[in-house]
Amino acid sequence: MHSREFERNYKRLYVPLCMYALRLVDDTAVADDLVQEAFLKVWRYSEDGGVIESFSSFLYRTVRNECLLYLRSRKDMVGEEFIPEVSEEDIDTSERDARIWRAVATLPEKCRKILLMGKQQGLSNEEIADELDISEKTVRNQMTKALSRLRGVLKDDNKPFFLPFL
């Protein structure tokens, strides 16, 4: 595999793989490290002449194995039976989650902060307004603006819009 092809795959798969790993290890920094390690292993395997038929499937499997090794190394050992093989649903979910986070990252800072405080942290409009020292009306307006922009970016004619983990 040429370095340009590898780089294209890296850019395309990095965030979805991190979302997949995050669901398994429940730690953002660890998930990021494990995905980096998986890419490194796949690069080395490829450089050593290994043949990869489906780069995406191979990489997801490698990330799964890295997560399994990490979880086994912790005190609360986890057996392989608790981490199922990578399915198409896992890949689709990871890609969806990555699209959502990319879209959230494009929001203006104020909108993004209010959206995450409300949807991720579960704060009420009043609590957000108090914490940010702004009016509740501003919170409502920013939340509406954020959700409207996300709907525009994430709309898909075949699927309803929702934010499953926010």
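User: Which residues of the largest nonpolar core touch the most other members?

Analyst: The model is a predicted one, in which local features need pLDDT of at least 70 and side-chain atom pairs count only at pLDDT 80 or more, while totals for chains, interfaces and linings use all residues. Residues are numbered from 1 along each chain as its sequence is written, and side-chain values use heavy atoms, with hydrogens and water left out. In soluble globular proteins, nonpolar side chains tend to be buried together. A nonpolar core is a set of buried Ala, Val, Leu, Ile, Met, Phe, Trp, Tyr and Cys residues joined through side-chain atoms within 4.5 Å. Buried means under 20% relative accessible area, exposed over 50%, and partly exposed in between (1.4 Å probe, protein chains only). Here the largest core has 23 residues, and L17, V35, F39, F55, L59 and V63 touch the most other members.

User: Which helix gives the most to this core?

Analyst: Helices (H or I, at least four residues) and strands (E, at least two) are DSSP runs, numbered from the N terminus. Helix α1 gives the most to this core, with eight residues, and α1, α2 and α3 each supply at least two. A second, separate core of 17 residues includes V104, I114, L115 and I128. In the protein as a whole there are seven helices and zero strands, and 36% of its 166 residues count as buried.

User: What does L17 touch, leaving out residues up to four places away in sequence?

Analyst: Contact means heavy atoms within 4.5 Å. By that rule L17 touches V35, F39, L59, Y60 and V63.

User: At what angle do α1 and α3 pack?

Analyst: Axes are lines fitted to C-alpha atoms, for helices over the stretch in contact, and angles run from 0 to 180 degrees between N-to-C directions. For α1 and α3 the angle is about 35°, with the axes 10 Å apart. The residues of this contact divide into 15 nonpolar, two polar and two charged. In that count, Ala, Val, Leu, Ile, Met, Phe, Trp, Tyr, Cys and Pro are nonpolar, Asp, Glu, Lys and Arg are charged, and the others, Gly among them, are polar.

User: How many residues has helix α3, and what covers its buried residues?

Analyst: The expected span of a helix is 1.5 Å times one less than its number of residues. Helix α3 (residues 55-73) has 19 residues and reaches 27 Å from its first C-alpha to its last, close to the 27 Å expected. The cover over its buried residues includes α1, α2 (28-47) and α4 (88-105).

User: How exposed is R23, and what does it contact?

Analyst: R23, found in helix α1 (residues 3-25), is partly exposed because its relative accessible area is 37%. Apart from neighbours within four places in sequence, R23 is in contact with D90, T93, S94 and D97.

User: Where is D26, and what is its phi?

Analyst: D26 is placed in the loop between α1 and α2. Its phi is near 60°, a positive value in a residue other than glycine. D26 counts as exposed because its relative accessibility is 69%.
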